[in-house]
Amino acid sequence: MASTSSSRYAKHRRIGEDEEVEEEEEEAEEELERFNDFTIASSWERFISEIEAICRQWLADGPKILMQKGAESVPSFENLYMIKRELKHGKRVYSMEYHFMKSAKGKNTYWDDDTHSMQLSFGVDEFLMIAPLSASGVVLDDPESTKLLSSVAIALSNCGSNWPAFVPVHDPSRKSYIGIQNLGTVFTRRFEADRIGSQVPIRLMHLEGLHELFLSKFVLSSTDFPARVKVHFSMKLTYRTPEYDYDNETLDSEATESLTENEVASHPRKQWDDDCPWAEWYSAEDPVKGFELTAIWGERAFEETLEMAEVENASSFDADGWFLHPVVSRYMVDDSIGKFVGFASQLHLLVNAYESSAEAQFLEDFVTDTSGQDNSKSTTTVPPPSVIDRVMKDLFSDEAGNSNYMEAENKYSRAMRGAPADSLFGQFCLHSLWFGNCNIRAIAVLWIDFVREIRWCWEELERLPRMKNSSSIDLSSCLIHQKLQMLAICIERKKSLNREKGAGHKDETSNTMAVNKTRKGSAGVVPKMMLLNTKQEMHAPYTQDAPLMTEDMHEERLHAAEAFGNAIGLSGQLERDILSSDMSAFKAANPDAVFEDFIRWHSPGDWVCQDKADGNSGWPPKGKLSQRMSEHGNMWRKIWNDAPPLPVSEQKSLLDPVREGEKVLHYLETLRPHQLLEQMVCAAFKSSADILNKTTYGGFKLMKTKMDQLYATLASTLKSLQGNSDMSDLAGDLKRLCQVFEHIEKLLILAASIHRKLIDAPRLAQAIFADYFNYYLPKMGSTLESICYEKEFAAKEKVGMHERDAVSNLFPPPTANQSWRKVLSMGNLLNGHEPMQREIIFSVQERISNGHYSSPTPLCTDDEQIQTHRMYISGTSNDLWVALSVTSWD
């Protein structure tokens, strides 16, 4: 037993010794692990080194080379560029951005629109921004932000650079930053910014409280600074015009008192464009949503807080500068379908209908019953009969009257071969644009009803409405309009014939001479001409007007002339009838006339005069007929011999109104779809352009030039439409034309809106429109593709002193409904309106040789100053953002 216990004891002793050896070895290993090899750079040092290398490279390159290497322009800033690099430290990836300017900014230009928010807030030009690549893009941990900023500061110090560096911290909504800038070996500037996103304390809503806030950052006691601190102050106020209340303008107070509540409630709302030319067809959204007025007080110095109250209560008219910026609706640059509804959008639908017109030979084919087909497609919808009746009533109502075709004059207008906007066919085309969705089926239904109404007017001898009172046909218009002009004349002639049949016939005679009792139809004596045989005075007869002809009738006449032409130009029966009518009238007015007398009056070129040059010619005058009139079997002499002496009143009319009227109706009722749509496209484009061209927009030169260009483009494009070119190619050209039309239509509406809002400041209105025109110009192409247009319109125009009254009228005193909620106010009111944003810069400057900032080096002169404290404040009664920069002496 003793031996057994001793062996166990020895065994346990050996185990204990082995454990002690192992513990000693572990302690030795730990000692080795705690040894730091300072010859190896840490990860933080490597991070600083990487930042330093990047900064050295950017410093060496300079702005020009950096721009060549791909530095990007910062959106909305023309002079600011940015280049960035990604860095990794541990598990975090950071983005470092260097913002620099293409050209140096002038002094005190921080209120310029081309100033970045960081430049404005901290008073810097170029700067670095380093932030983690994360969803928020900010550093949420204070130690991390401090370490990150220290890394950049060390790297910049090693480079010898004085770039300010910033790190975004805290929650993104606070827009909080910390930053640092090394100003050589003597001074360091530190930055800090934060935001109050809730109710701002009342004290900080006023300039006095903000001034005290700035002073509190460095005036700790009365011994630190003199009693009065000279603080430099600059302010920028931004006002926004209130939404225009058209309802308040609809009825005045006296009128509403005499109306009941129901009558007032049912009164139609007034739109901004009620008196614009396009208002009859659609109501356009006002492109100018309002104006932003910026009032700037230049830098001035104050020594007491009470002086701030005087500035706050001062009139905005005392500001050094006013700048006006229009707030333009986004639909101006938005090409999305349905965003803009106007003539251009409906013309695009009409072009689609034109493409579909070749699918059938007759318009009735599009109107056939489609009950067995899918009628859910919006492309084939037709408005109900009540809508058709309303359109017909508007087109043919008695109130329409006779149109005078008050067209806007343009040298290209007549080259479009359309119809006047106020004419019957012009109005039909405009109604078609808004009838349903302007599909081919809806157009066919409307056209058939339209022709049915025209036939009723013809059969009942009712005058055609909206047709000009004229005895001529405008051959520069489309053929349908010419036909309607012909029909209107035929109706009047037919009515005149019916009246003559009912009232009998009276001869028109002239008894100027007793010997000429049978003279009829004389219009007066022809000066210095007498009849050859009787030496009586020659009388000019009343003759029939040349028969009216439309374009297709002229073409028929030309073809007849080519087929049956002869030496004297009597190519057809129509010419014979005209000549016979003139001869009969001449015989009636000159009973003793001979063929030679008619030639001397009607065709003087065919009478060869042989009188002596001294003028002492006897009687009868020496002369003879020309060779062509003297030929045997001359057609003119034959017609003369056959023509009876009849005055115009007893002759048969050269124009048969019944026959020509029926021909017009036959043409309208058998018109092919593609022929109708071709003419509708021309008339609709022309009528739409003419309506827009009546807009009053202050005579803006750029707008007038664009309207002239639109007419020229319309004329050249629509000319190919009349040439029977390939429909697919034409459709593409017409769609591009619709795009161009939309651009100019938008600009015209904008010009009208700006003009009427600034009618008392025409120079300012034209300058503002020119700014937007130049901004919009790159978008005005003829392509169908939507152009990416992310750039914001931010141009501002300076308001002259004589224009301030007109601009202040944009801010009418608030009504009781608008001002009841304005309990708290920041001051600086303009006609009772507080600014939507107030921006202030406080700063203090000290001589380097004085006080805390005295330098022991002889390099600094006594006159050199440094900005020791600067505070930028931006906000409203519900939001306040403060950025502070402090310069310290190291």
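Author: R628 is partly exposed, at 30% relative accessibility. Here buried means under 20% relative accessible area, exposed means over 50%, and partly exposed lies in between (1.4 Å probe, protein chains only). R628 forms a salt bridge with D606. That term stands for a side-chain nitrogen of Lys or Arg within 4 Å of a carboxyl oxygen of Asp or Glu. The closest N and O atoms of R628 and D606 are 2.9 Å apart. The pair links distant parts of the chain, 22 residues apart. R628 sits in helix 19 (residues 627-630). D606 sits in the loop between helix 18 (595-602) and strand 13 (607-609). Helices (H or I, at least four residues) and strands (E, at least two) are DSSP runs, numbered from the N terminus. D606 is buried, with a relative accessible area of 7%.

A word on the source. This is a predicted model, where local features need pLDDT of at least 70 and side-chain atom pairs count only at pLDDT 80 or more, while totals for chains, interfaces and linings use all residues. Residues are numbered from 1 along each chain as its sequence is written, and side-chain values use heavy atoms, with hydrogens and water left out.

The structure holds 33 salt bridges. One of them pairs D422 with K694, with the closest N and O atoms 3.9 Å apart. D422 lies in the loop between helix 12 (385-396) and helix 13 (424-433). K694 lies in the loop between helix 22 (673-693) and helix 23 (701-721). The pair therefore ties together parts that are 272 residues apart in sequence. D422 is partly exposed, at 26% relative accessibility. K694 is partly exposed too, at 33%.

Next comes D194. Its salt-bridge partner is R174, and the closest N and O atoms are 2.4 Å apart. D194 is in strand 7 (residues 187-196). R174 is in the loop between strand 5 (165-169) and strand 6 (176-183). The two are 20 residues apart. D194 is partly exposed, with a relative accessible area of 28%. R174 is partly exposed as well, at 31%.

Now the helix. In helix 9 (residues 306-313), the buried residues are M308, A309, V311 and E312. They cover an arc of only 160° around the axis, so they sit on the same side of helix 9. That arc is taken from the directions from the helix axis to the C-beta atoms. On the other side of helix 9, L306, E310 and N313 are exposed.
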